[in-house]
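Subject: Structure for you to look at

Hello,

Here is the structure I said I would pass on. My notes follow below it.

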Amino acid sequence: MSLNLWHGGAQVDNGLAKQVAVVRKHRPDIVGLQETSGHAARDLAAELGWHHYQSGGSIGVISRFPITEHVGSTSAAAGVRLDLGGGRKLELWSAHLGYHPYGPYDACFDRMDLERILAREERSGRVPQARELATRLAGAVDRADEVPVLLVGDFNSPSHLDWTAATRDRHCGYGPVDWPTTRILADAGFQDSFREIHPDPARVPGETWSPVYPFHDGSTGRVEPQDRIDYVTYAGGALTPLRSAAVVDGRPRPVPDHRGNRWPTDHAAVLTEFALGG
């Protein structure tokens, strides 16, 4: 599972208890976390009796399986090695990439031409962060048939697999758009588990932003572009995705009436079940 915790759970009442409820209901084995506020991975793991890695900032990982080492960090991500038992290892990286400027706003609110949108993407924080990740994880991808690699997180970017000619009407008349963040990571060897299971973005959009922002100000303002910006990607022949879904529990009330929501975040989670071969 990839799960953005929305300021560590502080945006909803009893945030930690609601995070625990999400994990217990959906029963992931490993969760890559973003927006942990430097503590939420540790707190959530303590409640569950799980293993954890907590960065000093946004990134965390919780796992039923032992986390044997922190294998490295980039400016927007951190990776851990997990012991799955029986001699099997797994490397998982959780990432939280830059959010400004946000491409769908450039398109839907400001009606920029595609050349300018992509130029601003290039200048955004997330594109150099994606390149840094691709470079940092090149060796792990090369070895992924021996130790599979998961790269999950909030990329703050739509996917080049989603903005197509067939989905033009869903995306303010734009499409296709070769969004560079997801393209860089795909070219680096990471496969998009959700889109492998649901190859038609017109039929199954899988939107993760945002269950509490139907409009730009929550309940008011311009219609908010809805997009798939959270991902579970992988490398390695031993991993085969079986099922994948964007997950939201209940019917969250939009901002500013969100504090009582059962769902503790402003993103949908992404949950993929893999078969592990080898």
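In which helix is the place of Gly103? Gly103 is in helix H3, which covers residues 103-108. Please keep in mind throughout that this is a predicted model.

Gly103 has a relative accessibility of 0%, under the 20% limit, and therefore counts as buried. Apart from neighbours within four places in sequence, Gly103 is in contact with Glu121, Arg126 and Trp179. Glu69 lies 34 residues from Gly103 in sequence, and the two C-alpha atoms are 35 Å apart in space.

Overall picture

The protein has eight helices and twelve strands. For 278 residues, a compact globule would have a radius of gyration near 19 Å, and the 18 Å of this protein agrees with that. The C-alpha trace spans about 55 × 40 × 35 Å along its principal axes. Of the 278 residues, 55% count as buried. The protein exposes about 11700 Å², and carbon and sulfur atoms supply 49% of that area. Among contacts between residues at least 6 apart in sequence, 67% join residues at least 24 apart.

Strand E1 (residues 2-4), helix H1 (residues 15-26) and strand E2 (residues 30-34) make a right-handed β-α-β unit. E1 and E2 run parallel and are joined by three bridges, with Leu3 opposite Leu33 in E2. E2 also pairs with strand E4 (residues 60-63), here in the antiparallel sense and over four bridges. In E4, Gly60 is the bridge partner of Leu33.

Five of the five residues of E2 are buried, so this strand is largely enclosed by the rest of the structure. In a regular strand the side chains alternate between the two faces of the sheet. In E2, Ile30, Gly32 and Gln34 are on one side and Val31 and Leu33 on the other, and both faces are covered.

Two residues in the loops around here have a positive phi. Most residues other than glycine have a negative phi. Asn14, in the loop between E1 and H1, has phi near 55°. Asn14 is exposed, with a relative accessible area of 61%. Ser37 also has phi near 55°, and its place is in the loop between E2 and helix H2 (40-48). Ser37 is partly exposed, at 43% relative accessible area.

The six-stranded sheet

Six strands form an open sheet with mixed pairing, in the order E5-E6-E7-E8-E10-E9. Strand E5 (67-73) and strand E9 (191-192) stand at the edges with a single partner strand each, so one side of each has no neighbour in the sheet.

Strand E6 (residues 77-85) and strand E7 (residues 88-96) run antiparallel and are joined by eight bridges; Leu82 has Leu90 in E7 as its bridge partner. E7 and E8 run parallel, with six bridges between them, and His96 is paired with Asp154 in E8. Six bridges also join E8 to strand E10 (residues 230-235), in the antiparallel sense, and Val152 stands opposite Val232 in E10.

Is E8 itself buried or exposed? Six of the six residues of E8 are buried, so the strand is largely enclosed by the rest of the structure. Val149, Leu151 and Gly153 point one way from E8, while Leu150, Val152 and Asp154 point the other way.

Ser159 is found in the loop between strand E8 (149-154) and helix H7 (180-187). At 1% relative accessibility, Ser159 counts as buried. The side chain of Ser159 reaches the backbone nitrogen of Leu161 at 2.9 Å. Leaving aside neighbours within four places in sequence, Ser159 is in contact with Trp179, Thr182, Asp192, Arg228 and Tyr231.

The peptide bond from Gly175 to Pro176 is cis, with omega near -5°. A cis peptide bond also joins Val255 and Pro256, with omega about 15°; Pro256 is in the loop between strand E11 (239-247) and strand E12 (269-276).

Regards

Notes. Residues are numbered from 1 along each chain as its sequence is written. This is a predicted model: local features need pLDDT of at least 70, side-chain atom pairs count only at pLDDT 80 or more; totals for chains, interfaces and linings use all residues. Side-chain values use heavy atoms; hydrogens and water are left out. Buried means under 20% relative accessible area, exposed over 50%, partly exposed in between (1.4 Å probe, protein chains only). Two strands pair if DSSP finds at least two bridges between them. A crossover is right-handed if, with the strands pointing away from the viewer, the path from the first strand over the helix to the second runs clockwise. The radius of gyration is taken over C-alpha atoms; the globule rule is 2.2 Å times the number of residues to the power 0.38. Contact means heavy atoms within 4.5 Å. Accessible areas come from the Shrake-Rupley method with a 1.4 Å probe; for residues, only the protein chains shown count as cover. A polar contact is a pair of N or O atoms within 3.5 Å; within protein, one must be able to donate a hydrogen and the other to accept it, and residues adjacent in sequence count only if both atoms are side-chain atoms.
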